[in-house]
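Let's take a friendly walk through some side-chain contacts in a protein model. Have the sequence and the 3D view ready as you read.

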Amino acid sequence: MDKFTRLDGLVAPMDRANVDTDAIIPKQFLKSIKRSGFGPNLFDEWRYLDHGEPGMDNSRRPLNPNFALNQPRYRGAQILLARENFGCGSSREHAPWALEDYGFRAIVAPSFADIFFNNCFKNGLLPIVLSADKVDALFREAAAQEGYRLTVDLEAQTVSTPSGQVFGFEVDSFRKFCLLNGLDDIGLTLQNADKIRAYEDRRKVEAPWLFA
């Protein structure tokens with residue numbers, strides 16, 4: 001997965017509490033186990049005016065003009081601003097896949113559902129918890145200023161606003177290490193590839209019948 005170090009990104013607001021994973025990526029799109037291709041169906045039931053199904057030409061579907069991600073001012077956003085309990089519902093890993101495939105690299109909210117929060121780190125997304133009053137202030141600024149951007153510095157664990165405000169956030173040291181170095185579970189395992197091969201070679205000598 002891609003490294004996450006420092007991001008200066010356009011912000012898109014999702015002003016709804018308790019956004020569940022079925023809203024993030026509806027169940028009919030879960031047939032694929034590839035990590036890519038889910039971005040066009042992110043928030044499908046809110047983003048489009050018709051019912052979406054796999055294989056549809058999304059470029060021909062009617063868009064909901066009132067949905068934030070369809071508004072030109074938020075096109076290309078990399079930071080999603082959300083409300084409390086974002087990512088609740090089922091544990092589907094497709095939810096962070098869809099967000100990442102759309103182009104988001106960070107999500108800022110007062111709280112996240114636990115499983116979704118954990119899945120974000122495993123897929124290169126940085127979920128940032130800030131207090132509700134700070135998130136309220138960010139929502140107000142994002143609404144008032146077109147092209148509103150935030151700077152997220154993972155090493156320093158800070159979120160900086162255009163006005164110069166700096167908010168610190170907490171992140172587990174191991175998860176921080178993995179994001180900074182672009183390491184998912186497979187990447188972490190491959191760091192020990194030489195040791196794994198050496199162990200397998202030794203076992204072939206010690207217990208050859210296991211490899212017959």
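Arg61 lies over the face of Tyr48, 3.8 Å from the ring centre. A charge sits over a ring if NZ of Lys or CZ of Arg is within 6 Å of the ring centre and within 35 degrees of the ring normal. Arg83 lies over the face of Phe139, also at 3.8 Å from the ring centre.

Before going on, please keep in mind that this is a predicted model, where local features need pLDDT of at least 70, side-chain atom pairs count only at pLDDT 80 or more, and totals for chains, interfaces and linings use all residues. Residues are numbered from 1 along each chain as its sequence is written, and side-chain values use heavy atoms, with hydrogens and water left out.

**Rings that meet rings**

A pair of aromatic rings is described by the distance of the centres and the angle of the planes. Rings of Phe, Tyr and Trp (its six-membered ring) pair if their centres lie within 6.5 Å; planes under 30 degrees apart count as stacked, over 60 as edge-to-face and the rest as tilted. How many aromatic pairs does the structure hold? There are 10 aromatic pairs. One of them joins Phe38 and Trp97: the ring centres are 5.9 Å apart and the planes stand at 35°, so the pair is tilted. Phe38 is found in the loop between helix H1 (21–24) and helix H2 (44–47), while Trp97 is in helix H3 (residues 94–102), so that this pair links distant parts of the chain, 59 residues apart. Helices (H or I, at least four residues) and strands (E, at least two) are DSSP runs, numbered from the N terminus.

Are Phe38 and Trp97 buried or exposed? Both are buried. Buried means under 20% relative accessible area, exposed over 50%, and partly exposed in between (1.4 Å probe, protein chains only).

Trp46 and Phe67 form another tilted pair, with 6.4 Å centre to centre and 55° between the planes. Trp46 belongs to helix H2 and Phe67 to the loop between H2 and strand S2 (79–82), so the pair ties together parts 21 residues apart in sequence. Trp46 counts as partly exposed, at 22% relative accessibility, whereas Phe67 counts as buried, at 4%. Elsewhere, ring pairs link Phe86, Phe112, Phe116, Phe117 and Phe121 into a cluster.

**Charges that meet charges**

A salt bridge is a side-chain nitrogen of Lys or Arg within 4 Å of a carboxyl oxygen of Asp or Glu.

| Salt bridge | N to O distance |
|---|---|
| Arg6 and Asp153 | 3.9 Å |
| Arg149 and Asp8 | 3.4 Å |
| Arg203 and Glu206 | 3.5 Å |

Arg6 lies in strand S1 (residues 6–14) and Asp153 in strand S5 (residues 149–153), so their pair ties together parts 147 residues apart in sequence. Arg6 is exposed, with a relative accessible area of 58%. The link from Arg149 in strand S5 to Asp8 in strand S1 also spans distant parts of the chain, 141 residues apart. Arg149 counts as partly exposed at 35% relative accessibility, and Asp8 is partly exposed too, with 39%.

Arg203 and Glu206 both sit in helix H8 (residues 193–206), 3 residues apart, about one turn of the helix. Arg203 is partly exposed at 26% relative accessible area, and Glu206 is partly exposed at 43%. Finally, salt bridges that share partners join Asp15, Arg83 and Asp136 into one network.
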